[in-house]
Number of protein chains: 2
Amino acid sequence: MLSFDSNDGVSNKQVIKNMVTMPVPKLVSEIMTREIKTLGPNQSFAEVVPLLAGNHIHHIIVVVEGFLVGVLSDRDVYRQLASVSNWNTKKVGEVMITNALTIPPETRLSHAAALMLSRRVNCLPVVGEQGKLVGLITSSDIIGLYKSLQEQLEESEL
Amino acid sequence: MLSFDSNDGVSNKQVIKNMVTMPVPKLVSEIMTREIKTLGPNQSFAEVVPLLAGNHIHHIIVVVEGFLVGVLSDRDVYRQLASVSNWNTKKVGEVMITNALTIPPETRLSHAAALMLSRRVNCLPVVGEQGKLVGLITSSDIIGLYKSLQEQLEESEL
(Lines give C-alpha, C1' and ligand atoms only; values in the text may rest on other atoms or scores of the structure.)
Protein backbone atom coordinates (compact mmCIF):
# COMPACT_ATOMS: atom_id res chain seq x y z
CA MET A 1 0.00 0.00 0.00
CA LEU A 2 1.36 3.36 -0.91
CA SER A 3 0.52 6.57 0.78
CA PHE A 4 1.33 9.82 -0.90
CA ASP A 5 2.91 11.39 2.11
CA SER A 6 6.25 10.60 0.55
CA ASN A 7 7.69 13.29 -1.63
CA ASP A 8 9.25 11.40 -4.51
CA GLY A 9 10.47 13.99 -6.92
CA VAL A 10 8.57 16.75 -5.20
CA SER A 11 10.33 19.39 -3.15
CA ASN A 12 9.19 19.74 0.44
CA LYS A 13 8.71 23.43 -0.19
CA GLN A 14 6.44 22.91 -3.16
CA VAL A 15 2.89 23.17 -1.90
CA ILE A 16 0.29 22.29 -4.41
CA LYS A 17 -3.09 23.55 -3.43
CA ASN A 18 -5.97 21.59 -4.79
CA MET A 19 -9.43 22.97 -4.44
CA VAL A 20 -12.47 20.84 -3.88
CA THR A 21 -15.41 23.15 -4.49
CA MET A 22 -18.15 20.88 -3.35
CA PRO A 23 -19.49 19.69 -0.03
CA VAL A 24 -17.31 16.81 1.12
CA PRO A 25 -18.99 14.25 3.38
CA LYS A 26 -17.13 13.80 6.64
CA LEU A 27 -19.10 11.18 8.54
CA VAL A 28 -20.22 7.63 7.81
CA SER A 29 -23.85 8.63 8.52
CA GLU A 30 -23.78 10.97 5.50
CA ILE A 31 -23.16 8.26 2.94
CA MET A 32 -23.99 4.87 4.49
CA THR A 33 -26.52 2.58 2.85
CA ARG A 34 -29.63 2.42 5.01
CA GLU A 35 -31.62 -0.20 3.11
CA ILE A 36 -29.75 -3.41 3.77
CA LYS A 37 -30.45 -6.94 2.67
CA THR A 38 -30.36 -9.03 5.84
CA LEU A 39 -30.93 -12.65 6.79
CA GLY A 40 -31.83 -14.36 10.07
CA PRO A 41 -29.48 -16.85 11.78
CA ASN A 42 -31.96 -19.70 11.40
CA GLN A 43 -32.19 -19.43 7.63
CA SER A 44 -30.55 -22.21 5.68
CA PHE A 45 -27.02 -21.70 4.44
CA ALA A 46 -28.23 -23.19 1.15
CA GLU A 47 -30.33 -20.02 0.65
CA VAL A 48 -27.22 -17.88 0.80
CA VAL A 49 -25.41 -19.37 -2.17
CA PRO A 50 -27.91 -18.35 -4.91
CA LEU A 51 -28.20 -14.93 -3.26
CA LEU A 52 -24.46 -14.38 -3.64
CA ALA A 53 -24.32 -15.92 -7.11
CA GLY A 54 -27.28 -14.03 -8.55
CA ASN A 55 -26.50 -10.58 -7.22
CA HIS A 56 -23.42 -8.51 -6.81
CA ILE A 57 -23.59 -8.97 -3.05
CA HIS A 58 -20.38 -9.74 -1.21
CA HIS A 59 -21.69 -9.44 2.35
CA ILE A 60 -24.77 -10.64 4.13
CA ILE A 61 -25.71 -9.06 7.41
CA VAL A 62 -27.41 -11.30 9.96
CA VAL A 63 -29.96 -9.62 12.18
CA VAL A 64 -32.39 -10.60 14.95
CA GLU A 65 -35.12 -8.05 15.70
CA GLY A 66 -32.98 -5.30 14.27
CA PHE A 67 -29.88 -6.22 16.27
CA LEU A 68 -26.75 -7.21 14.40
CA VAL A 69 -25.73 -10.75 15.32
CA GLY A 70 -23.27 -11.63 12.57
CA VAL A 71 -21.81 -11.07 9.14
CA LEU A 72 -21.23 -13.51 6.34
CA SER A 73 -18.91 -12.59 3.48
CA ASP A 74 -18.82 -14.39 0.17
CA ARG A 75 -15.27 -15.43 1.03
CA ASP A 76 -16.54 -17.11 4.20
CA VAL A 77 -19.22 -18.82 2.15
CA TYR A 78 -16.83 -20.12 -0.50
CA ARG A 79 -14.39 -21.27 2.16
CA GLN A 80 -17.17 -23.26 3.78
CA LEU A 81 -18.19 -24.74 0.45
CA ALA A 82 -14.58 -25.78 -0.10
CA SER A 83 -13.94 -27.30 3.31
CA VAL A 84 -17.26 -28.68 4.53
CA SER A 85 -19.06 -31.51 2.76
CA ASN A 86 -22.42 -31.09 4.47
CA TRP A 87 -22.67 -27.33 3.95
CA ASN A 88 -26.22 -27.49 2.61
CA THR A 89 -27.50 -28.68 5.98
CA LYS A 90 -25.94 -25.76 7.88
CA LYS A 91 -27.70 -22.66 9.08
CA VAL A 92 -26.57 -19.08 8.58
CA GLY A 93 -25.97 -18.77 12.33
CA GLU A 94 -23.47 -21.65 12.28
CA VAL A 95 -21.33 -20.12 9.57
CA MET A 96 -21.48 -16.36 10.17
CA ILE A 97 -18.77 -14.35 11.87
CA THR A 98 -20.14 -13.19 15.21
CA ASN A 99 -17.43 -10.75 16.27
CA ALA A 100 -17.72 -8.50 13.22
CA LEU A 101 -16.17 -5.07 13.55
CA THR A 102 -18.88 -2.40 13.72
CA ILE A 103 -18.77 1.39 13.80
CA PRO A 104 -21.11 4.11 15.08
CA PRO A 105 -22.74 6.39 12.47
CA GLU A 106 -20.71 9.43 13.60
CA THR A 107 -17.42 7.75 12.63
CA ARG A 108 -15.23 9.90 10.39
CA LEU A 109 -14.97 8.56 6.85
CA SER A 110 -11.16 8.67 6.99
CA HIS A 111 -11.31 6.43 10.06
CA ALA A 112 -13.71 4.01 8.36
CA ALA A 113 -11.25 3.75 5.44
CA ALA A 114 -8.36 3.22 7.88
CA LEU A 115 -10.28 0.43 9.61
CA MET A 116 -11.01 -1.32 6.31
CA LEU A 117 -7.28 -1.33 5.58
CA SER A 118 -5.95 -2.26 9.02
CA ARG A 119 -8.60 -4.89 9.76
CA ARG A 120 -8.74 -6.13 6.15
CA VAL A 121 -12.51 -5.93 5.84
CA ASN A 122 -14.55 -4.63 2.93
CA CYS A 123 -17.72 -3.98 4.85
CA LEU A 124 -18.48 -2.20 8.11
CA PRO A 125 -21.95 -2.54 9.63
CA VAL A 126 -23.05 0.69 11.28
CA VAL A 127 -24.66 0.25 14.68
CA GLY A 128 -26.56 2.98 16.55
CA GLU A 129 -26.70 3.81 20.23
CA GLN A 130 -29.34 1.22 20.96
CA GLY A 131 -27.20 -1.50 19.42
CA LYS A 132 -29.40 -1.77 16.35
CA LEU A 133 -28.14 -1.98 12.80
CA VAL A 134 -28.66 1.41 11.14
CA GLY A 135 -26.52 1.17 8.01
CA LEU A 136 -23.66 -0.32 6.11
CA ILE A 137 -20.56 1.09 4.46
CA THR A 138 -18.45 -0.92 2.03
CA SER A 139 -15.14 -0.54 0.24
CA SER A 140 -17.12 0.19 -2.95
CA ASP A 141 -18.68 3.22 -1.23
CA ILE A 142 -15.18 4.44 -0.32
CA ILE A 143 -13.89 3.90 -3.87
CA GLY A 144 -16.91 5.86 -5.16
CA LEU A 145 -16.09 8.75 -2.82
CA TYR A 146 -12.46 8.68 -3.94
CA LYS A 147 -13.50 8.71 -7.59
CA SER A 148 -15.64 11.86 -7.15
CA LEU A 149 -12.98 13.61 -5.08
CA GLN A 150 -10.13 12.65 -7.36
CA GLU A 151 -12.02 13.75 -10.49
CA GLN A 152 -12.33 17.21 -8.96
CA LEU A 153 -8.68 17.27 -7.92
CA GLU A 154 -7.44 16.14 -11.33
CA GLU A 155 -9.30 19.04 -12.91
CA SER A 156 -8.56 21.69 -10.30
CA GLU A 157 -4.85 21.62 -9.62
CA LEU A 158 -3.56 25.17 -9.48
CA MET B 1 -23.17 3.37 -3.92
CA LEU B 2 -23.66 6.99 -3.06
CA SER B 3 -21.96 9.85 -4.75
CA PHE B 4 -21.78 13.17 -3.00
CA ASP B 5 -22.95 15.19 -5.94
CA SER B 6 -26.32 15.31 -4.24
CA ASN B 7 -26.91 18.29 -2.05
CA ASP B 8 -28.87 16.93 0.88
CA GLY B 9 -29.22 19.71 3.35
CA VAL B 10 -26.73 21.88 1.52
CA SER B 11 -27.82 24.86 -0.50
CA ASN B 12 -26.73 24.91 -4.11
CA LYS B 13 -25.24 28.31 -3.52
CA GLN B 14 -23.13 27.18 -0.62
CA VAL B 15 -19.69 26.38 -1.97
CA ILE B 16 -17.40 24.78 0.52
CA LYS B 17 -13.79 25.08 -0.48
CA ASN B 18 -11.58 22.36 0.82
CA MET B 19 -7.87 22.72 0.47
CA VAL B 20 -5.53 19.85 -0.10
CA THR B 21 -2.07 21.25 0.54
CA MET B 22 -0.05 18.32 -0.62
CA PRO B 23 0.93 16.82 -3.93
CA VAL B 24 -1.94 14.65 -5.11
CA PRO B 25 -1.03 11.72 -7.38
CA LYS B 26 -2.94 11.81 -10.64
CA LEU B 27 -1.78 8.74 -12.55
CA VAL B 28 -1.68 5.03 -11.83
CA SER B 29 2.08 4.99 -12.54
CA GLU B 30 2.66 7.24 -9.51
CA ILE B 31 1.31 4.81 -6.96
CA MET B 32 1.16 1.33 -8.51
CA THR B 33 2.98 -1.59 -6.87
CA ARG B 34 5.91 -2.61 -9.03
CA GLU B 35 7.11 -5.69 -7.15
CA ILE B 36 4.43 -8.25 -7.82
CA LYS B 37 4.12 -11.84 -6.73
CA THR B 38 3.44 -13.81 -9.92
CA LEU B 39 2.99 -17.45 -10.89
CA GLY B 40 3.39 -19.33 -14.15
CA PRO B 41 0.45 -21.06 -15.89
CA ASN B 42 2.04 -24.49 -15.52
CA GLN B 43 2.32 -24.30 -11.77
CA SER B 44 -0.02 -26.53 -9.81
CA PHE B 45 -3.27 -25.07 -8.58
CA ALA B 46 -2.52 -26.85 -5.29
CA GLU B 47 0.38 -24.41 -4.79
CA VAL B 48 -2.03 -21.48 -4.92
CA VAL B 49 -4.17 -22.42 -1.95
CA PRO B 50 -1.50 -22.13 0.80
CA LEU B 51 -0.27 -18.92 -0.86
CA LEU B 52 -3.71 -17.35 -0.47
CA ALA B 53 -4.26 -18.82 2.98
CA GLY B 54 -0.89 -17.80 4.43
CA ASN B 55 -0.68 -14.27 3.10
CA HIS B 56 -3.08 -11.42 2.72
CA ILE B 57 -3.06 -11.91 -1.03
CA HIS B 58 -6.36 -11.74 -2.87
CA HIS B 59 -5.02 -11.82 -6.44
CA ILE B 60 -2.38 -13.83 -8.21
CA ILE B 61 -1.03 -12.55 -11.48
CA VAL B 62 -0.02 -15.16 -14.03
CA VAL B 63 2.90 -14.25 -16.25
CA VAL B 64 4.97 -15.85 -19.03
CA GLU B 65 8.29 -14.14 -19.79
CA GLY B 66 6.99 -10.92 -18.32
CA PHE B 67 3.76 -10.94 -20.34
CA LEU B 68 0.49 -11.02 -18.45
CA VAL B 69 -1.46 -14.14 -19.41
CA GLY B 70 -4.08 -14.32 -16.66
CA VAL B 71 -5.33 -13.39 -13.22
CA LEU B 72 -6.57 -15.59 -10.42
CA SER B 73 -8.53 -14.07 -7.56
CA ASP B 74 -9.12 -15.80 -4.26
CA ARG B 75 -12.83 -15.79 -5.13
CA ASP B 76 -12.07 -17.76 -8.31
CA VAL B 77 -9.98 -20.16 -6.29
CA TYR B 78 -12.62 -20.75 -3.62
CA ARG B 79 -15.29 -21.16 -6.30
CA GLN B 80 -13.16 -23.84 -7.94
CA LEU B 81 -12.58 -25.56 -4.62
CA ALA B 82 -16.33 -25.56 -4.07
CA SER B 83 -17.37 -26.84 -7.49
CA VAL B 84 -14.56 -29.09 -8.72
CA SER B 85 -13.63 -32.29 -6.94
CA ASN B 86 -10.27 -32.83 -8.66
CA TRP B 87 -8.99 -29.30 -8.10
CA ASN B 88 -5.64 -30.43 -6.75
CA THR B 89 -4.73 -31.91 -10.14
CA LYS B 90 -5.44 -28.67 -12.02
CA LYS B 91 -2.89 -26.17 -13.22
CA VAL B 92 -2.98 -22.42 -12.70
CA GLY B 93 -3.47 -21.94 -16.44
CA GLU B 94 -6.66 -24.01 -16.41
CA VAL B 95 -8.30 -21.96 -13.68
CA MET B 96 -7.10 -18.40 -14.27
CA ILE B 97 -9.16 -15.70 -15.97
CA THR B 98 -7.51 -14.94 -19.29
CA ASN B 99 -9.46 -11.85 -20.33
CA ALA B 100 -8.55 -9.78 -17.27
CA LEU B 101 -9.08 -6.05 -17.61
CA THR B 102 -5.75 -4.23 -17.75
CA ILE B 103 -4.81 -0.55 -17.84
CA PRO B 104 -1.81 1.43 -19.10
CA PRO B 105 0.40 3.16 -16.48
CA GLU B 106 -0.71 6.63 -17.61
CA THR B 107 -4.34 5.93 -16.64
CA ARG B 108 -5.84 8.60 -14.40
CA LEU B 109 -6.47 7.38 -10.88
CA SER B 110 -10.10 8.54 -11.01
CA HIS B 111 -10.57 6.36 -14.08
CA ALA B 112 -8.94 3.35 -12.39
CA ALA B 113 -11.37 3.78 -9.47
CA ALA B 114 -14.30 4.09 -11.90
CA LEU B 115 -13.23 0.87 -13.64
CA MET B 116 -13.01 -1.02 -10.35
CA LEU B 117 -16.59 0.01 -9.61
CA SER B 118 -18.13 -0.52 -13.05
CA ARG B 119 -16.31 -3.77 -13.81
CA ARG B 120 -16.52 -5.01 -10.22
CA VAL B 121 -12.85 -5.86 -9.89
CA ASN B 122 -10.53 -5.19 -6.96
CA CYS B 123 -7.30 -5.46 -8.89
CA LEU B 124 -6.08 -3.93 -12.15
CA PRO B 125 -2.83 -5.23 -13.67
CA VAL B 126 -0.89 -2.42 -15.33
CA VAL B 127 0.53 -3.28 -18.73
CA GLY B 128 3.10 -1.18 -20.58
CA GLU B 129 3.48 -0.42 -24.27
CA GLN B 130 5.30 -3.64 -25.01
CA GLY B 131 2.50 -5.67 -23.46
CA LYS B 132 4.53 -6.54 -20.41
CA LEU B 133 3.27 -6.39 -16.86
CA VAL B 134 4.70 -3.28 -15.17
CA GLY B 135 2.58 -2.94 -12.06
CA LEU B 136 -0.59 -3.57 -10.15
CA ILE B 137 -3.16 -1.38 -8.49
CA THR B 138 -5.75 -2.71 -6.06
CA SER B 139 -8.83 -1.44 -4.28
CA SER B 140 -6.74 -1.29 -1.09
CA ASP B 141 -4.40 1.19 -2.79
CA ILE B 142 -7.41 3.34 -3.70
CA ILE B 143 -8.81 3.17 -0.16
CA GLY B 144 -5.37 4.22 1.13
CA LEU B 145 -5.34 7.23 -1.20
CA TYR B 146 -8.86 8.16 -0.09
CA LYS B 147 -7.85 7.91 3.56
CA SER B 148 -4.91 10.34 3.13
CA LEU B 149 -6.99 12.76 1.07
CA GLN B 150 -9.99 12.62 3.36
CA GLU B 151 -7.87 13.14 6.49
CA GLN B 152 -6.62 16.40 4.97
CA LEU B 153 -10.11 17.46 3.92
CA GLU B 154 -11.62 16.71 7.34
CA GLU B 155 -9.04 18.98 8.92
CA SER B 156 -9.03 21.74 6.33
CA GLU B 157 -12.63 22.69 5.68
CA LEU B 158 -12.94 26.46 5.58
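Reply: K147(B) counts as partly exposed, at 23% relative accessibility. Here buried means under 20% relative accessible area, exposed over 50%, and partly exposed in between, with a 1.4 Å probe and protein chains only. The model is a predicted one, in which local features need pLDDT of at least 70 and side-chain atom pairs count only at pLDDT 80 or more, while totals for chains, interfaces and linings use all residues. Residues are numbered from 1 along each chain as its sequence is written, chains are lettered from A and ligands numbered from 1 in the order in which they are written, and side-chain values use heavy atoms, with hydrogens and water left out.

The side chain of K147(B) meets that of E151(B) in a salt bridge, 3.4 Å from N to O. The term stands for a side-chain nitrogen of Lys or Arg within 4 Å of a carboxyl oxygen of Asp or Glu. Both residues belong to helix α6 of chain B and are 4 residues apart, about one turn of the helix. Helices (H or I, at least four residues) and strands (E, at least two) are DSSP runs, numbered from the N terminus.

Over all chains, a search of the whole structure finds 4 salt bridges. Another of them links R108(A) and E154(B), whose closest N and O atoms are 3.2 Å apart. R108(A) sits in the loop between α4 (92-95) and α5 (109-118) of chain A, while E154(B) is in helix α6 (residues 139-156) of chain B, so this pair joins two chains. With 42% relative accessibility R108(A) is partly exposed, whereas E154(B), at 10%, is buried.

E154(A) and R108(B) also form a salt bridge, at 3.1 Å from N to O. This pair crosses between chains too, running from E154(A) in helix α6 (residues 139-156) of chain A to R108(B) in the loop between α4 (92-95) and α5 of chain B. E154(A) is buried at 10% relative accessibility, and R108(B) is partly exposed at 42%.

Next comes the sheet. In chain A, an open sheet of 3 strands has the order β2-β3-β4, with mixed pairing. β2 (38-39) and β4 of chain A are at its edges with a single partner strand each, so one side of each has no neighbour in the sheet. Two strands count as paired if DSSP finds at least two bridges between them. β2(A) and β3(A) run parallel and are joined by 2 bridges, and L39(A) has V62(A) in β3(A) as its bridge partner. β3(A) and β4(A) run antiparallel, with 6 bridges between them; here V62(A) stands opposite G70(A) in β4(A). Of the 6 residues of β3(A), 5 are buried, so this strand is largely enclosed by the rest of the structure.

What lies between β3(A) and β4(A) in their hairpin? There are 2 residues between these strands, and E65(A) in the turn has a positive phi of about 50°. E65(A) is exposed, with a relative accessible area of 69%. Most residues other than glycine have a negative phi. R120(B), which is not a glycine either, has a positive phi near 55°. R120(B) is in the loop between α5 (109-118) and β5 (123-127) of chain B and is exposed, with a relative accessible area of 51%.
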